[in-house]
Amino acid sequence: MGGVKSSDSNPPIDVSEYYPAAGRVILHVDMNAFYCSVHEAEEPELYRGKATAVAGSSELRKGVIVTCSYTARGRGISTGMVVHQAMKKCPDLIVIRPDFHLYRQYSRAFMQIAYSYTPLLEATSIDECYLDITGSKQFGTPVEIAEQIQNRIRDELGLPCSIGIAPNKLLAKMASDLKKPNGISILRMRDVPRILWNRPCNEMFGIGKKTAEKLKKLGIDTIGQLAKSDEKMLTDLFGVNGTWLKNSANGIHHSPVVAEREANKSIGHTTTLPADVSEQSDIQRVFLNISDQVARRLRKHEMFSQGIQITIRTPDMKTITRSRMMDIPTEDAAVIYREACQLFAKHWGSGKPVRMLGITLQNLIPREESAVQMDLFEYEQKPKKESLIRIMDQLRDKFGENAVVTAGMLGDDPSTLLRNHKVRGTSLQKDNLQSLD
């Protein structure tokens with residue numbers, strides 16, 4: 001996958017030229033005014049374009065502002081300000097009580113979008129993460145990948161983010177701060193003197209207020225002055241951190257992106273079709289079969305899924321993924337099928353041919369931890385349905401996968417032809433539970 005197609009009038013782009021022969025390409029995804037943006041996405045009619053802030057104890061006017069919207073920042077409001085002081089500056093400020101359950105939902109959702117471009121994702125907080133995309137050439141150039149992630153987070157979740165592109169984590173973090181909100185910035189090693197050296201030391205990521213004050217007493221006011229400082233002098237004063245300070249000022253940083261060990265899990269399956277398929281009924285049958293397979297694996301592991309992603313590959317081998325968080329965790333193939341079809345209809349539509357389809361269940365939680373919300377009818381019917389599903393699973397375990405099929409799986413369609421044509425169907429995670437975050 002060394003290149004991508006361009007327009008007929010231009011030659012194909014060699015994507016590999018945009019990646020270093022040695023070294024890494026790192027993205028830093030930083031959500032803009034995350035808490036406020038989440039509330040705006042949830043209730044745009046109340047909060048869009050308005051001065052908002054998230055703070056505790058808002059009714060007592062003693063809470064401290066955790067974050068505020070860019071509109072509020074333009075009115076002089078800042079993080080750490082006490083609510084009653086902020087209200088004096090901006091009387092029409094809307095103060096919102098925090099909803100951390102809601103923030104975690106959106107956090108998982110935006111990181112799931114980012115994860116679909118590389119498994120090397122390191123979450124550093126609820127609203128930011130690093131991605132190592134060195135091995136992600138199949139998705140395009142680094143800028144194209146950043147644009148895809150930014151656009152999907154905006155379109156699917158309604159949230160703004162800034163993304164930094166750099167050869168290491170330090171510069172990627174600095175780059176994401178250059179343009180806010182909704183910016184994409186590139187910061188190469190050769191750009192460091194021009195872009196960073198004239199800035200004060202306290203703007204360097206990792207340098208706190210006290211360290212900046214100590215440096216100032218040494219006559220080191222800017223990042224450029226720090227970059228040219230005597231290393232021995234710095235180590236005498238700051239110990240091993242002295243070397244780190246000088247290296248950082250020169251843009252040198254060797255720490256790799258470390259994927260979380262205890263991360264969410266996923267189960268997935270893809271089906272490559274024997275021919276291009278565009279009929280909606282055929283596509284729905286394929287999704288029905290895949291939904292049945294991934295739901296069965298989910299039940300084997302006694303897990304519930306909170307998120308779903310579909311994968312579409314076009315006849316020209318372009319791969320597209322779309323995902324969303326589900327309102328209620330599920331192990332039900334019917335729910336998975338419905339969600340997959342809705343995602344397909346929203347992001348792909350009808351009449352366009354596909355060559356491969358897939359479903360990945362994400363953000364898995366143990367069955368016993370899932371608090372499934374049901375209305376009265378579901379509450380009455382669910383035990384009967386679960387019993388029937390368990391019996392079907394037992395029959396398949398004993399007599400094979402074809403022992404029980406639903407009506408929608410019968411007939412001359414791409415799904416049921418898979419076994420006859422020996423078409424490849426592979427689990428995206430090799431049919432086991434693998435880490436992702």
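Q: Which residues gather in a patch of negative charge on the surface?
A: This is a predicted model, numbered from 1 along each chain as its sequence is written, in which local features need pLDDT of at least 70, side-chain atom pairs count only at pLDDT 80 or more, and totals for chains, interfaces and linings use all residues. Side-chain values use heavy atoms, with hydrogens and water left out. A patch takes residues with over 30% relative accessible area and no salt bridge, joining like charges within 9 Å; Asp and Glu count as negative, placed at CG of Asp or CD of Glu. Here the surface patch of negative charge consists of E42, E43, E45 and D99.

Q: Is E42 buried, partly exposed or exposed?
A: E42 sits in helix α1, residues 34–42 (helices are DSSP runs of H or I, at least four residues; strands are E, at least two). Buried means under 20% relative accessible area, exposed over 50%, and partly exposed in between, with a 1.4 Å probe and protein chains only. E42 has 43% relative accessibility, so this residue counts as partly exposed.

Q: Which elements do the buried residues of α1 pack against?
A: The buried side of the story in α1 is F34, Y35, C36, S37, V38 and H39. A contact means heavy atoms within 4.5 Å. The packing partners of these buried residues are β3 (26–31), α2 (44–47), β4 (52–55), β5 (65–68), β6 (94–96) and α5 (100–115).

Q: What share of the chain's contacts with a separation of 6 or more comes from residues 24 or more positions apart?
A: For context, the chain has 16 helices and 16 strands, and of its 437 residues 46% count as buried. Among contacts with a separation of 6 or more, the share from residues 24 or more positions apart is 65%.

Q: How many residues apart in sequence are the parts that R75 and D92 tie together?
A: R75 and D92 form a salt bridge, their closest N and O atoms being 2.8 Å apart (the cut-off is a side-chain nitrogen of Lys or Arg within 4 Å of a carboxyl oxygen of Asp or Glu). R75 lies in the loop between α3 (70–73) and α4 (83–89) and D92 in the loop between α4 and β6, so the parts they tie together are apart in sequence by 17 residues.

Q: Are E128 and K173 buried or exposed?
A: E128 and K173 meet through their side chains in a salt bridge, at 3.1 Å from N to O. E128 is in strand β8 (residues 128–132) and K173 in helix α7 (residues 169–176), so the pair links parts 45 residues apart in sequence. As for accessibility, both E128 and K173 are buried.

Q: Which residue forms a salt bridge with R199?
A: R199 is partly exposed at 28% relative accessibility. The closest N and O atoms of its salt bridge are 3.1 Å apart, and the partner is E203.

Q: What is omega at the cis peptide bond that joins K180 and P181?
A: Most peptide bonds are trans. P181 sits in the loop between α7 and β10 (184–186). The cis bond from K180 to P181 has an omega of about -10°.

Q: What is phi of N363 near?
A: N182, in the loop between α7 and β10, has a positive phi near 60° without being glycine. N363 belongs to strand β14 (residues 354–366) and counts as buried at 0% relative accessibility. Phi of N363 is also positive, near 50°.

Note on methods: Patches are made of residues with over 30% relative accessible area and no salt bridge: like charges are joined within 9 Å, nonpolar side chains (Val, Leu, Ile, Met, Phe, Trp, Tyr) within 5 Å. Accessible areas come from the Shrake-Rupley method with a 1.4 Å probe; for residues, only the protein chains shown count as cover.
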